[in-house]
Structure formats: C-alpha cells, structure tokens
Amino acid sequence: MARALEHFTLLFPLWTLLAAVLSLMQPDWFSWVSGPVIVWSLALIMLGMGLGLAPSDFRRVLVAPRPVLLGVVCQFVVMPLLAALVAWVLGLAPPLAVGLIIVGCCPGGTASNVVALIARADIALSVVMTSLSTLLAVVLTPLLTGLLAGRYVPVDGWTLLASVLQVVLVPVALGVSLKQGLPRFAARVEPLMPPVAVLAIALIVGGIVGSQQEVLLRQGGLLVLATLLLHGGGFLLGGLFSALMGESVPAQRTISIEVGMQNSGLAVVLARSGGFASPLTALPGAISAVIHSLLGSLLAALWRRRP
C-alpha cells in the first residue's frame, strides 16, 4: 500500500494534466468542485504540511540560513516581479493579469517537495523552504498582491489576509499541534497526506478549468504562454542566483524547484475568495498547477540522471 501511494504521488503531473483535459471535454464532471470544496481541499493540503513539520525543521534555518533565505527572497521578489512583467508584456486582460500576479505572489507548494525527491535534491531544505515561505505568505502574499495588482483592479488587502489566515495559517498550526499532541495519530495520517494533496490539486484544476471552458478555449494559448514564462523563468533564475552565490548542486536544484513551483491551489482560493469580481481571476492558478507540475517533473527527470 505504501509503495502504491508513493507511485500515485510521483505521477502527480499526469493527474493534473488528466484533470485539465477531462474538464475541457466534460466540464459537468467537475462542476461540484467549487466554492467551499476548493477552500476545504486547500485547507486539507495545508493541514498535511503542518503534520510534516517538526521543531528540528526550523532549527535548521538557524544553523544554515543562507540557502533558505536566498530561496525565500527569490520566492517573494523574483516571482511577483516576473509575474507582473509577463502580464504587462503579453497584455493580458485585467482579470487574467491579476490572477497571474496572485500566482507569482504565492509561496511554494507541497508539489515542490515531491519534485525535489525525484530530482535527488535536498529534500529537507525543500520542506523547510516551503514551510517558511508558507508562513511568510500570511503577510507577504496580500501585501505584494495589493502593490502589483492594484494597477489593474482594486485589491482588498484585508479580505486577502483573512483568506490566507483561513486556508494557510490555521490548518498548518492545527497540523503542527496534532503532531506534537498526538504523535501516534500524526504518524499514521502523515503518509496519506501527499497522495491526498495530489488528488485535491487535480480536482481543483478540474473544477476551475471546467467552469471557464469557453474562455480557456479562446484564450488558452496566451495563458499557457504566460504561465510557461513565469514558471520557466522561476526555475531558471532560482538556479542561476543560487549558483552565483556558491551554493552546492543539491541546494541549487532545490532552490530552483522551490522558486519555480508555486502554491497554485492557494492562488485559486485567493482569486475566488479574495474579493475579486471576475471568476477569470482563478484561471491562471489552475493553468499554473498543470504547467509547473509538468516543467518541474521534466527538470527532475533530467537531473535524476545526473548525480
């Protein structure tokens, strides 16, 4: 059973792509994945992240902070600015531009930990970077989104903050508390969380893509290009900056993965519950989940062959 769950998790790009294709062909199959279902699905993913955290993870930041801090700075500087630049250069419609900027302002996602495993990168560093960026996102994601997306539409920073608290901070804190207070229960549940997260992300992608089928068929090419440029640039710049700083090869790979892969599920939830009027704002997050999964897996497969 454990091996089957691991194989299912490692094939997460296939499941997200399959969900996107199926929702384009049969959008009614995913019509139930909306509103509260999306919010609770992401909260479940964040709960799983909390179950995987321990005090030793955060002590590592204090012992060897440079790679972690470098990755987090790239996460919240490179990706938001790159998203705003891509949206401006491609002339995206305001709802799509705002959605892309939200993706760029989000923290790293749990999928990056799976890709780090495949790429033979520094898995512990990946987990710490994902966790730290997730905690910092409580403040930085609403702040950066307001600064960069405010030129397109009014951004309610307090509504965004409330959404982040609801679907990030509270579930992560609950997961950490369960691990400390009920360690046996947490140890049993934790192995189930990665495949659950993969399934939840695939369903979120299917729900959003299916609900915006007509728009995606008309403007999908431009949106795919935008997410390719955003995530491809993140992988490239994350690896480049860490190489220039003299980090080890495993750390370079890890930082590249962490910067290039965003928490697209959070981007979708914030676009839906953050006070934005247009439902199109959630579409870049759904496409992003497919694109960064495919790019990350391709990169990991190439790196796996190079010790």
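The conversation below sets computed values against the definitions behind them.

Modeller: This is a predicted model, in which local features need pLDDT of at least 70 and side-chain atom pairs count only at pLDDT 80 or more, while totals for chains, interfaces and linings use all residues. Residues are numbered from 1 along each chain as its sequence is written, and side-chain values use heavy atoms, with hydrogens and water left out.

Colleague: Why is Glu247 called buried, and why is Arg66 called partly exposed?

Modeller: Buried means under 20% relative accessible area, exposed means over 50%, and partly exposed lies in between, with a 1.4 Å probe and protein chains only. Glu247 has 11% relative accessibility and therefore counts as buried, whereas Arg66, at 44%, counts as partly exposed.

Colleague: How do you know that there are zero disulfides?

Modeller: A disulfide is a pair of cysteine sulfur atoms within 2.5 Å, and by this rule the count comes to zero. Cys106 is in no disulfide, as the nearest cysteine sulfur, that of Cys105, is 7.3 Å away. Cys106 is also buried, because its relative accessible area is 0%, and Cys74 counts as buried at 4%.

Colleague: What makes Leu17, Val21, Met25 and Leu294 a nonpolar patch?

Modeller: Nonpolar patches are made of residues (Val, Leu, Ile, Met, Phe, Trp, Tyr) with over 30% relative accessible area and no salt bridge, whose side chains are joined within 5 Å. Leu17 has a relative accessible area of 35%, so it is partly exposed. Together the four residues of the patch, Leu17, Val21, Met25 and Leu294, have about 340 Å² of accessible area, a value that comes from the Shrake-Rupley method. Helix α2 (residues 12-25) gives the most to the patch, with three residues.

Colleague: How do you know that the buried residues of α2 lie on the same side?

Modeller: In α2, Phe12, Pro13, Thr16, Ala19, Ala20 and Ser23 are buried. They cover an arc of only 130° around the axis, which puts them on the same side of α2; the arc is that of the directions from the helix axis to the C-beta atoms.

Colleague: Why is α6 called largely enclosed?

Modeller: Eleven of the twelve residues of α6 are buried, so the rest of the structure largely encloses this helix. Among the buried residues are Leu96, Val98, Ile101 and Val103.

Colleague: What span should α6 have?

Modeller: The expected span of a helix is 1.5 Å times one less than its number of residues. For the twelve residues of α6 (residues 94-105) this should be 16 Å, and the end C-alpha atoms are 16 Å apart, which agrees.

Terms used:
Patch = residues over 30% accessible without salt bridge, like charges linked within 9 Å, V, L, I, M, F, W, Y side chains within 5 Å. Areas by Shrake-Rupley, 256 points an atom, 1.4 Å probe, with all protein chains shown as cover. Salt bridge = Lys/Arg side-chain N within 4 Å of Asp/Glu carboxyl O. Helix = DSSP H or I, 4+ residues; strand = E, 2+ residues; numbered from the N terminus.
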